[in-house]
Amino acid sequence: SSLGTIFLAMSVLVPGCLLVNYLVYMNVSLVEIASLQSIGVGIGIFGAFTTPKLIEWIGLSKCGLVSIWIYFILMVIAYIQIVVPSISVWLLIIPVIFSRIFYWTFDLTEKQILKESCIGEDAVVVKVQVMQFQLTTLATLLSCAFAILSVSPSHFASLAGATLGLSFIGVCLFTIWYRTHGHSHELSTILG
């Protein structure tokens, strides 16, 4: 299930310098961008508060599945604006802002799945978390390398499409994990 997180980390459709560069290219003012990024952080933090209730309501594994798919769908909606720039830039901005809820929800859920999968094996949890952190950092570096290769904001559509494809791989990997292990994970947690 950790691979899903790693592939999501490669996306350039997140509040960051590449998206800011594209928004400036699309004539969005820096004041608006800064305001929107602040709102995005607040909305993302909201995900940290809603995740426990969502887990309680639908279960841990299903929470991960639902949140990763909603995140991906929001990224696809954002990508439509990049491919068709004549559509309002708000079709990019609003999904990116709201996607933070589901990214944080998925991240928290995936970490909890990892912890519960290795109950009594704290050393294993730590090793897997360190490896996941290192691979996520590597994924972020790879997305930066993609950015170096496509410096012009006019190439952002290609870069966003490539990283959206990688995110889709992450969504598929988590979905496969859910279909093969998620149900049994929920049962073992309930039966204790």
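**Exercise 1.** Leaving aside neighbours within four places in sequence, find which residues Phe 156 is in contact with.

*Solution.* Contact means heavy atoms within 4.5 Å. With that cut-off, the partners of Phe 156 are Val 12, Leu 13, Leu 18, Leu 19, Tyr 22 and Ile 82. Keep in mind that this is a predicted model, where local features need pLDDT of at least 70, side-chain atom pairs count only at pLDDT 80 or more, and totals for chains, interfaces and linings use all residues. Residues are numbered from 1 along each chain as its sequence is written, and side-chain values use heavy atoms, with hydrogens and water left out.

**Exercise 2.** Work out which residues of the largest nonpolar core touch the most other members.

*Solution.* A nonpolar core is a set of buried Ala, Val, Leu, Ile, Met, Phe, Trp, Tyr and Cys residues joined through side-chain atoms within 4.5 Å; buried means under 20% relative accessible area, exposed over 50%, partly exposed in between (1.4 Å probe, protein chains only). Among the 36 members, those touching the most others are Leu 13, Leu 23, Met 75, Ile 82, Leu 92, Phe 156 and Phe 174. Next, look at the elements: α2 (17-25), α3 (30-58), α4, α5 (90-117) and α7 (156-191) each give two or more residues to this core. Helices here are DSSP runs (H or I, at least four residues), numbered from the N terminus. The most comes from α4, with nine residues.

**Exercise 3.** Locate the buried residues of α2 around its axis.

*Solution.* Start with the buried ones: Leu 19, Tyr 22 and Leu 23. After α2 comes Asn 27, with a positive phi near 70°.
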